[in-house]
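These are my notebook entries on one structure. I set down what I looked up, topic by topic.

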Protein chains: 2
Amino acid sequence: MAKPDKRDEIVRAALELIAENGFHGAPMAMIADKAGVGAGTIYRYFENKDVLINELYRELEQRLLTVLMDGYSPDKSVRERFIHLGTAVLRYCISNPLDFRYLEQFHNSPYGVVHRRDKISGEADDKDIYRKLFEEGLSRQVIKDLPLVMLFSLAFGPLISVARDHILGFVSLDDDLIVKIIAACWDGLKR
Amino acid sequence: MAKPDKRDEIVRAALELIAENGFHGAPMAMIADKAGVGAGTIYRYFENKDVLINELYRELEQRLLTVLMDGYSPDKSVRERFIHLGTAVLRYCISNPLDFRYLEQFHNSPYGVVHRRDKISGEADDKDIYRKLFEEGLSRQVIKDLPLVMLFSLAFGPLISVARDHILGFVSLDDDLIVKIIAACWDGLKR
DNA sequence: ATTAATGGAATGAACGTTCATTCTTTTTAT
DNA sequence: ATAAAAAGAATGAACGTTCATTCCATTAAT
């Protein structure tokens, strides 16, 4: 691992270009250019564009997960834990707009659908804290009796939508609004 | 204007291919093929692909608006009107998955961002019933005091997310679940 | 200490493919 | 017979990927 230099530059360039212009607005030649690297060099680090896209996704997912877990305590109430997660997600998206835009591009593409299908059909990961949280909320009867995926939509649908609006400049989220929107999501969720 | 035949076939083919495969999975040649039409013929009806994409969007938007207005009474309570709109949107998306998928593709693309920016900066349309509804809810103090775009995210973010999950097969929405999810959205919205 | 040899990393021109659009020919309608 | 409409082959631009070559750091030989 003594050569993160070029690989890192390639990943950074890909993130920026894809986040801003989408997968099809980020040709390999442009990524190479922005990374300060020859076009062929990318293929020394990534087998092809698909692999690059997927590896970048995994890196961002990991970064986000780390942020979410920071200060997360499984002992707190369901409500408190939800507010922690919601706040962390929203703050992360707002202060890392490139990451957020990339994740959105990914999720709204065939890559994302495949990824999601795999995830849902697979066993509950240790890292799948949402699922755990909602399952506990259900068994404690503090949140509405709905299928897990719907609870997820109810809780995070508005947050993602609001984060997008903030990044696109349609609204300006401050601390007060963040607290309010997350409280509103909880109102939708709680029994 | 006595030749809606071919134009219609082209639009239908474009809708289906773009909804299922995205803009980049729907080459003009393929659209022509599916429409049973020569590739060049498309250009007799649409100046270029962009125009085709935008005109199709406008048609779908119009269709949806018609559905929403059906049975909509401005005299009912804010809550009742919201439930009417939410139910109508959700039902429309579920029973017209191609339309829904197309609208999503559009919104999650540069086309959609431009469109949205125009809409928000423009004057309130007569047809902009959401805005009217939320403004009235605000002045009557029955819904939370948040910026309009955030109310929109809060109300429709979950519905769109849930419609997508239904269409992708991650959940199966029946009448009971539809009622419940819309009630939950209202819980998030109401003061 | 200097030079020669080696091998992996990097390069970017070139290739084959795909696509939107245009052009030419053929068909249809009047 | 003429003109409008339709068809699909042709065109050129853009893209992902490959590969022959160059560069550079390290090692071996003198």
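I take helices (H or I, at least four residues) and strands (E, at least two) as DSSP runs, numbered from the N terminus. I am working on a predicted model, in which local features need pLDDT of at least 70, side-chain atom pairs count only at pLDDT 80 or more, and totals for chains, interfaces and linings use all residues. Residues are numbered from 1 along each chain as its sequence is written, chains are lettered from A and ligands numbered from 1 in the order in which they are written, and side-chain values use heavy atoms, with hydrogens and water left out.

**Entry 1. Loop residues with positive phi**

I looked up Gln141(B) and found it in the loop that lies between α8 (129–139) and α9 (148–167) of chain B. Its phi is positive, about 60°, although Gln141(B) is not a glycine. In chain A, Gln141(A) is located in the loop between α8 (129–139) and α9 (148–167), and phi of Gln141(A) is near 60°, again positive in a residue other than glycine. I then checked accessibility, with buried meaning under 20% relative accessible area, exposed over 50%, and partly exposed in between (1.4 Å probe, protein chains only). Gln141(A) has a relative accessible area of 52% and therefore counts as exposed.

**Entry 2. Chain A overall**

I counted 10 helices and zero strands in chain A. Its C-alpha trace spans about 55 × 40 × 30 Å along the principal axes. Of the 191 residues in chain A, 45% are buried.

I also looked up Ile167(A), which belongs to helix α9 of chain A. Ile167(A) is partly exposed because its relative accessible area is 25%. Ser95(A) is 72 residues from Ile167(A) in sequence, and their C-alpha atoms are 9.4 Å apart in space.

**Entry 3. Helix α8 of chain B**

Which residues of α8(B) are buried? I noted Ile129(B), Tyr130(B), Leu133(B), Phe134(B) and Gly137(B). They lie on the same side of α8(B), because they cover an arc of only 130° around the axis; the arc is that of the directions from the helix axis to the C-beta atoms. An α-helix has 3.6 residues a turn, so residues three or four places apart point the same way. On the face of α8(B) turned away from its buried side I found the exposed residues Lys132(B) and Ser139(B).

**Entry 4. DNA strand D**

DNA strand D has 15 residues around it, of which Met28(A), Tyr43(A), Lys49(A), Gly38(B) and Arg44(B) come nearest. Sugar or phosphate accounts for 72% of the atoms of DNA strand D within 4 Å of the protein, and bases for the rest.

I then listed individual atom pairs. A phosphate oxygen of DNA strand D lies 2.7 Å from a backbone N or O atom of Met28(A). A polar backbone atom of Gly38(B) is 2.9 Å from a phosphate oxygen of DNA strand D. For Tyr45(B), a polar side-chain atom lies 3.0 Å from a phosphate oxygen of DNA strand D.

**Entry 5. DNA strand C**

DNA strand C is surrounded by 15 residues, and the closest are Gly38(A), Thr41(A), Arg44(A), Met28(B) and Lys49(B). The surface near DNA strand C has seven nonpolar, five polar and three charged residues. Of the atoms of DNA strand C within 4 Å of the protein, 70% are sugar or phosphate atoms and the rest belong to bases.

Which part of DNA strand C does Gly40(A) approach with a polar backbone atom? I found a base nitrogen of DNA strand C at 3.2 Å from that atom of Gly40(A). Phosphate oxygens of DNA strand C lie 2.7 Å from a backbone N or O atom of Gly38(A) and 2.5 Å from an N or O atom in the side chain of Arg44(A).

Conventions:
Near = heavy atom within 4 Å. Polar contact = N/O pair within 3.5 Å; in protein donor to acceptor, adjacent residues only side chain to side chain. Nonpolar A, V, L, I, M, F, W, Y, C, P; charged D, E, K, R; others polar.
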